[in-house]
Amino acid sequence: MKIKEIRTRVIEWRGKTVPLPPHFCTNPMDAVSPMLSKSTMGTFTFHSWLIVEIFTDDGLVGIGNAALSPRVTKQVIDLYLKPLLIGADPWDIEFLWQHMYRKTMAFGRKGIGMVAISAVDIALWDILGKSAKQPVYRLLGGRTKPKIPVYASRLYSTPLDELASESKRYKDEGYQAMKMRFGWGPTDGAAGMQKNLDLVRTVRETVGDGVDIMADAYMGWNLDYAKRMIPRLEEYNLRWLEEAVIPDDIHGYAELKKHGRVPIAGGEHEFTLYGFRELIEARAVDYIQFDTNRVGGITQAKKIAALAEAHSIPVIPHAGQMHNYHIVMASLNSPMAEFFPKVDVEVGNELFWYCFDGEPIPKDGYIDLDENTPGLGLTVNEESLKNFEVIE
């Protein structure tokens, strides 16, 4: 079996988009917002997607995807990765990953270069599963749990009555955990701190003590602010505080973890085994949250999962999507997965619902993976792509 062709398509949403109000979610742009605009979350919306399809000479098609900087990521694949892959055997997947990584090292390593490698690697694993007539998780070690517990991940900063209604709905649907977002950060002062606490209090009072709550600052805080917030958050018994500081501030992560008062999660914006080795050696996180379509694909994700297990640090990947679910299913050290409910397009986390068929839908807070579906189990919804501008 040889790789015959690689097709990359950027799809840009042209349908209805829900506008985001100020303070919808903290983010790194808040720090410079006084010089710009109060509406900063627009920088971190994902209204376009990259679909990668790898075709083999025996008729198999592997599907990968990426959501970060799709136009630029497409160029990296087309110009730098595709020439390395045409004619190669997909089963030489470790060699292919190392070839892509080392060939792009001068300008890659992290960020867009690694996102491009991730998308390709996911498509290659999809091919391997289809070639072996097995789901990918079987190639990674097999089933470690009857089904996967998932947490509902949305609960942005909205009016408190709406927030209560949404969190109650998730509880009624059977979720035993849910994640919310903070709306205010350091530039908003003490009044903003109180508004953040009102958000957490509302969710906790709505769902009670029998449901786990996680809270995400999405890189919008700094060390000082987080250290002042954490004592105020203790009474709400958070499962974790996520991305309280920017990804490069490993020292800040370690300082927060050292306090031990609220567990610290991160890694959504970290890359490769080496990046996570640094986080682990610094004792910076209680939970690791790589995203398989950013971190280096399944080839890197399985290595990071093993490294984390050796240090007793649970892995709960960022985002839903099948590439993450297969990692979770095959890892005893991954106790649950994230799930983005399907809603009207807003931030864009939900956009994969509009691109692909095959994503599992939770029942009573759990999803399962079909052991009779080979590969990752996704297909491109070509009919739905009519709602996008497609760039080939």
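Student: In which loop is Ala319 found?

Tutor: Ala319 is found in the loop between α11 (297-310) and α12 (322-329). Helices are DSSP runs of H or I with at least four residues, strands are runs of E with at least two, and both are numbered from the N terminus. Before we go on: this is a predicted model, where local features need pLDDT of at least 70, side-chain atom pairs count only at pLDDT 80 or more, and totals for chains, interfaces and linings use all residues. Residues are numbered from 1 along each chain as its sequence is written, and side-chain values use heavy atoms, with hydrogens and water left out.

Student: Why is Ala319 called buried?

Tutor: Buried means under 20% relative accessible area, exposed means over 50%, and partly exposed is in between (1.4 Å probe, protein chains only). Ala319 has a relative accessible area of 4%, so it is buried. Its backbone deserves a look too: phi of Ala319 is positive, about 75°, although the residue is not a glycine.

Student: What makes Arg283 exposed?

Tutor: Arg283 has 67% relative accessibility, and therefore counts as exposed. Arg283 sits in the loop between α9 and β9 (287-288), and its phi, near 50°, is a positive value in a residue other than glycine.

Student: And which residue just after α8 takes a positive phi?

Tutor: That is Gly260, with a phi of about 70°. Helix α8 itself (residues 250-259) has the buried residues Ile250, Gly252, Tyr253, Ala254, Glu255 and Leu256. These buried residues pack against α7 (223-233), β8 (264-266) and α9 (272-281).

Student: How do you know whether Thr104 is buried or exposed?

Tutor: Thr104 has 3% relative accessibility, so it counts as buried. You will find Thr104 in the loop between α2 (93-103) and α3 (112-132).

Student: Which residues does Thr104 touch, not counting those up to four places away in sequence?

Tutor: Contact means heavy atoms within 4.5 Å, and Thr104 touches Tyr80, Leu81, Arg109 and Ile117.

Student: What lies 2.8 Å from a polar atom of the side chain of Thr104?

Tutor: The backbone oxygen of Met100 does, and the backbone oxygen of Tyr101 lies 3.4 Å from a polar atom of that side chain. A polar contact is a pair of N or O atoms within 3.5 Å; within protein, one must be able to donate a hydrogen and the other to accept it, and residues adjacent in sequence count only if both atoms are side-chain atoms.

Student: Where does Ser167 lie, and why does Ser167 count as buried?

Tutor: Ser167 lies in helix α5 (residues 160-172), and its 0% relative accessibility is why it counts as buried. A polar atom of the Ser167 side chain is 3.0 Å from the backbone oxygen of Ala164. Beyond four places in sequence, Ser167 touches Leu155, Met178, Val203, Thr206 and Val207.

Student: What makes the protein as compact as a globular protein of that length?

Tutor: First, its secondary structure comes to 13 helices and 14 strands. Its radius of gyration is 20 Å, close to the 21 Å that the globule rule gives for 392 residues, so the protein is as compact as a globular protein of that length. The radius is taken over C-alpha atoms, and the rule is 2.2 Å times the number of residues to the power 0.38. Buried residues make up 57% of the 392 residues.
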